[in-house]
Amino acid sequence: ISWYRLGECCTQRGEFEAAVEAHRRAVAVMPGHEGSLRSLLGLLNHLERPEEAIEIQKAICTLLPYNTNELEDLALMTAHVHDKAVAFSEINRLAPQHPKVAVKLVMARVHAELGSFGEAESAIRSLDPEAHLEDSDRYRMLTIELQCALGEERWNDAAPLIDAGLEMQPDDLWLLSLKGRLFEQQDEAQAFHFYRDVLEKGIHEPHFATAFLAMIGSDPEGQAIRLVEQTDQLARGNLARALTDGFFNLGMIQSQVVFLEWCAANVPEATDLRAVYARRLVMANRYSEAVEVARTLYEADPESPHWIGLLAYCLQDNDPAKALEYYRKQYEMTGNVQTLADIGRSQLLLREIDDAKKAYLQVLETDPVNTLSLIGLVEAGHPPGELYDNFASAIERGLGEDVQMFHVYAIKAARERGAQLPLTWGQTAYRRMGLVLQEGGFGNEQAMLASALAKWLDIWNEPALARQTRSAASWWSRISLWPWPGTDWIPKPGDV
């Protein structure tokens, strides 16, 4: 149990390799420790180590030998990492512990997952019509049939399957999402009412909140506020969280700030939303208001590392010395590597360059893709080219969208190394550009990112998007930046 607790603490501190080692030790002592096995599975998937994740899933199947859901997960993981034959070999190995109907359905699921819809449907038709089907078997069969109908774009067949599935599982998020998408294609007004009804039923998922807000023509924050007001007091916090995420997903930052201001006054028990509000105020350069919100949370619980860190974040730009004091207190309590990166940022603002570099490099030893440390090192004068591998790995994982100057410094690292950036740079940079236009970037980030992204879009044959993106940088800024950024760092379509 102590190894398990250590693993969970390491995970919370962002020390994922140490967490893996601790949970492996827990399993070595107690092979049936389900908590450590599941934590290991999540960690290995996060670290993109699929072969090791499969071995852990096998151990879970051994621990829960009659759980068909675990068998299905193992089969799908194996099929994606290896191929169908290897997946079927695993299914056959464990088949004696499961009903024959369930085994055939898991095989059908693998066929459907890999796009072999005809084979999936044949496997279902081969089932003995007299065989007894548990409710779980009926549901699995229905969702496989639905998967095939969607894959073959048989929309008329899909609709009744969705309805039948919702009769069996009324709160199934996948089925509700599909029903919403069908409504969107048929009648937007009906789709709007459907998403509102889902939220009113208490299914407070960001996906549904995002879809609901996207359908509102005007005053989205007002409609969101009215929806929360009409909700039971105990459920208001969860609904407000989903709507907050929805505003962010849609890039509606100003509306989100208005909504969060209302939440701070009317849903005060949702302290996490007050923290989001404080951070948004910092991004809007409303520092004194941000500090006031953060200080209120801190004073209510001065021993909370979370509130100590939030107060430090809100103080950092205007009072880095005070922020450093709070960050050091937080780090003493948690040892979290992200807090160490925040310490480095405060030291950088105080021009304690050597100390900042030391902190950032220490972070990268544990978390090689820590985006704050990467940009901090570049700003501290560390050669960008030496950090190319770190930048590339972070981009491949889709990181950096919310980090100022990250995509710009990644280009500098690639140019200095004489290398190209991963393809995912274009996707994350495009999303970053949307946030910059909403919130404003740091220094000349907007002009530099717009020029670079426009070059990328030119090379990838998106002339309309390139023109639109280039317009985000003024003519004078483009001239003053020349020859930034060049094109050697961009992977070419013919090379991929």
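Author: Start with helix α10, residues 155-168. It has 14 residues and reaches 20 Å from its first C-alpha to its last. That is close to the 20 Å expected at 1.5 Å a residue. (The expected span is 1.5 Å times one less than the number of residues. Helices are DSSP runs of H or I with at least four residues, numbered from the N terminus.) Keep in mind that this is a predicted model: local features need pLDDT of at least 70, side-chain atom pairs count only at pLDDT 80 or more, and totals for chains, interfaces and linings use all residues. Residues are numbered from 1 along each chain as its sequence is written, and side-chain values use heavy atoms, with hydrogens and water left out.

Which residues of α10 are buried? They are A158, L161, I162, G165 and L166. (Buried means under 20% relative accessible area, exposed means over 50%, and partly exposed lies in between, with a 1.4 Å probe and protein chains only.) Seen down the axis of α10, these buried residues fall within an arc of 135 degrees, so they line one face of the helix. What covers the buried residues? The cover includes α9 (135-151) and α11 (173-186). (Contact means heavy atoms within 4.5 Å.)

Helix α11 also meets α10 through charge. The side chains of K179 and D163 form a salt bridge, 2.7 Å from N to O. K179 lies in α11 and D163 in α10, so the pair ties together parts that are 16 residues apart in sequence. (A salt bridge is a side-chain nitrogen of Lys or Arg within 4 Å of a carboxyl oxygen of Asp or Glu.) D163 is partly exposed, at 36% relative accessibility.

Now look at salt bridges elsewhere. The structure holds 25 of them. K58 pairs with E90, the closest N and O atoms being 3.5 Å apart. K58 sits in helix α4 (50-63) and E90 in helix α6 (84-94), so this pair links parts 32 residues apart in sequence. K58 is partly exposed at 23% relative accessibility, whereas E90 is buried at 11%.

K84 pairs with E119, with the closest N and O atoms 3.6 Å apart. K84 lies in helix α6 and E119 in helix α8, so they tie together parts 35 residues apart in sequence. K84 is buried at 18%, while E119 is partly exposed at 42%. K84 has another link. S116 touches K84 and H111, leaving out residues up to four places away in sequence. S116 is in the loop between α7 (100-113) and α8 (117-125), and at 17% relative accessibility S116 counts as buried. Elsewhere, E17, R24, R49 and E52 are linked in a network of salt bridges.

The buried ones are W307, I308, G309, L310, L311, A312, C314 and L315. They pack against α17 (271-283), α18 (287-300) and α20 (320-334). Q330 belongs to α20, and Q330 is buried at 11% relative accessibility. Beyond its neighbours within four places, Q330 contacts P305, I308, G309, G335 and T339. Q330 and E303 are 27 residues apart in sequence and 9.2 Å apart, C-alpha to C-alpha.

L199, in helix α12 (188-200), is buried with 1% relative accessible area.

Last, the surface. W3, L6, V29 and M30 form a nonpolar patch there, with about 370 Å² of accessible area together. (Patches are made of residues with over 30% relative accessible area and no salt bridge; like charges are joined within 9 Å, nonpolar side chains (Val, Leu, Ile, Met, Phe, Trp, Tyr) within 5 Å. Accessible areas come from the Shrake-Rupley method with a 1.4 Å probe; for residues, only the protein chains shown count as cover.) W3 lies in helix α1 (2-12) and is partly exposed at 33%.

Definitions and conventions
Helices (H or I, at least four residues) and strands (E, at least two) are DSSP runs, numbered from the N terminus. The arc is that of the directions from the helix axis to the C-beta atoms.
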